[in-house]
Amino acid sequence: GMNGALVGLLWAAPLAGDILLWPAFAAALALCFAIESPLRLLFGRINLPMAGTPALLVAWLSSKIFETLGFTFWSSDGLMPFGEAGAILSVLLVAAAMVWTNRTAALQTIVLAGAAALASGMIFGGPGLGPTGLWGFALAPAVFAIAGTYMPDSRIGALAGIVAGLAAAAAWGLWQIVPGPDTLQPLMAPCFIGLWSAILATRLVAGYHVADPALAAIARMLSDARSAGRPAIALTGAGISTASGIPDYTTGDWMDPDIPVANYGFRNFRKSSKCREQYWEACARFRKIAAKAAPNAAHRALAALERAGYIKTVLTQNVDELHQAAGSADVVDLHGTITRIVCTECDFNGPWPAVGEWRGRELLCDECGGLLKPAVIAMEEDLVTDVWGKAQMAALRAGGVLVVGSRLTVSSAIMLLELARQNGAGVALINRGPVAGSAGPEDVVFDGLAEEALPALAALLDCQTADGVRISSGPNAYGNSPSDLAAHQMNLKNT
């Protein structure tokens, strides 16, 4: 729809001069719609917004055809029936629309466009506010597109908006000195150049996904929830820990492929000593993998979002305790933890025993004689009552749910999500690949890696790490530093 509307606006002059040109306008509109799909695919491959490129190309082609036939495309006596007053009213209406959409970005745009208009008026020595194409068609829309749409209400967005405006103004200025009588009118091209320049510059400095509109929508949801006094909760799955070297819980290589999956179920754990031994061995392998892992950029970014008040509680299906190692204070381990053991009959909870105490022998509780098992919720096993109650309460109080790295195939996760949704919470999903659980029509879905998306989200919201370092989502942000790894391994050893 947007490109069709732009073609209509750009054809205003010839249509105002001769309404009989409507067949030619219809042909231009059809051409715009015909080239939109292939252009969308092209821009999708380079991951830049297409903006109004189809309309721009059609306008340039139309003007050249008119010029070839000896007509003028850009002027008409009937174009401005209200004169200068109509132009002023148009500018005021556009400014009002920007204020209605985003007051902060609108103020930035108006200030920068006004300064450019005054400066260009003095430079070019003409009456009024200088060339409208500079401040009205190039600079203003470029600034607002970045600061008000792609990265709204953020320090990065404000700085990128300035970059977009400067790049658009520079492109417009260069366009004026291009030699030759056949030079095309710049139209919206400088604006698009400014938009693309700002996005590329932001990716280079702050990370590839910072300018993604989906992350901007998630940031807005988190901000709204915090402002309403109902901070969001995070619901995390295996996808947030894979960058730390921890495989998926149900398909990881820590499970013996020669052993039937059913043998790891809770029912068989109770019935069969052989299954108990297999379960202990599998959990020991997983614990060894977890001991070598350290929090990645996604864990650290989520902890920073919690410290800034955007996230209240982290509900995790993981058992690796990497959220706690990254600094998250309020974590609910829905499926237990690999660092502890529990009794199947009483409330005993203790540290892992030495290998010689459990391998090849039954491990029984000293308090009640019940079977001891790693504190990981097995298949067919119910969640701990207190843990489930805390998770439900967190979901009920949340103003938003940020699902990260989960395909939502586990019933408990789906129940918590629906509980929050029924209580008016917004929902955003960050996951690589499709999500099995149903997404609502209002949900925001970001298809990408958690270790890339969450640092970008935290950067948009200007969050900081525990030691006061501003979150970075740049190319070196995803790895684990030696100090992080050593600290996490020491924590597991002490546990």
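How many aromatic pairs does the structure hold? The structure holds 10 aromatic pairs. This is a predicted model, in which local features need pLDDT of at least 70, side-chain atom pairs count only at pLDDT 80 or more, and totals for chains, interfaces and linings use all residues. Residues are numbered from 1 along each chain as its sequence is written, and side-chain values use heavy atoms, with hydrogens and water left out.

**View 1. Ring pairs around Phe66.** Trp11 and Phe66 form an edge-to-face pair, 5.6 Å centre to centre with 85 degrees between the planes. Rings of Phe, Tyr and Trp (its six-membered ring) pair if their centres lie within 6.5 Å; planes under 30 degrees apart count as stacked, over 60 as edge-to-face and the rest as tilted. Trp11 sits in the loop between helix H1 (2–10) and helix H2 (12–17), and Phe66 in helix H4 (residues 53–68), 55 residues apart. Helices (H or I, at least four residues) and strands (E, at least two) are DSSP runs, numbered from the N terminus. Phe66 also pairs edge-to-face with Phe73, at 5.1 Å and 75 degrees. Phe66 counts as buried because its relative accessibility is 10%; buried means under 20% relative accessible area, exposed over 50%, partly exposed in between (1.4 Å probe, protein chains only). Phe73 is buried too, at 2%. Ring pairs link Trp11, Phe25, Phe66, Phe71 and Phe73 into a cluster.

**View 2. Arginines over tyrosine rings.** The charged end of Arg203 sits over the ring of Tyr208, 4.4 Å from its centre. Arg226 places its charged end over the ring of Tyr310, at 4.0 Å from the centre. The criterion is NZ of Lys or CZ of Arg within 6 Å of the ring centre and within 35 degrees of the ring normal.

**View 3. The open sheet.** Six strands run in the order E3-E2-E1-E7-E8-E9, with parallel pairing. Strands pair if DSSP finds at least two bridges between them. Strand E3 (331–333) and strand E9 (444–447) are the edges, each pairing on one side only. Three bridges join strand E2 (residues 311–316) to E3. Thr316 stands opposite Asp333 in E3.

**View 4. Helix H18.** H18 is mostly covered, with 10 of its 11 residues buried. Among them are Ala450, Glu451 and Leu460. Just after H18, Asp462 takes a positive phi of about 60 degrees.

**View 5. Thr202 in helix H9.** Thr202 lies in H9 (residues 189–206). Thr202 counts as buried because its relative accessibility is 7%.
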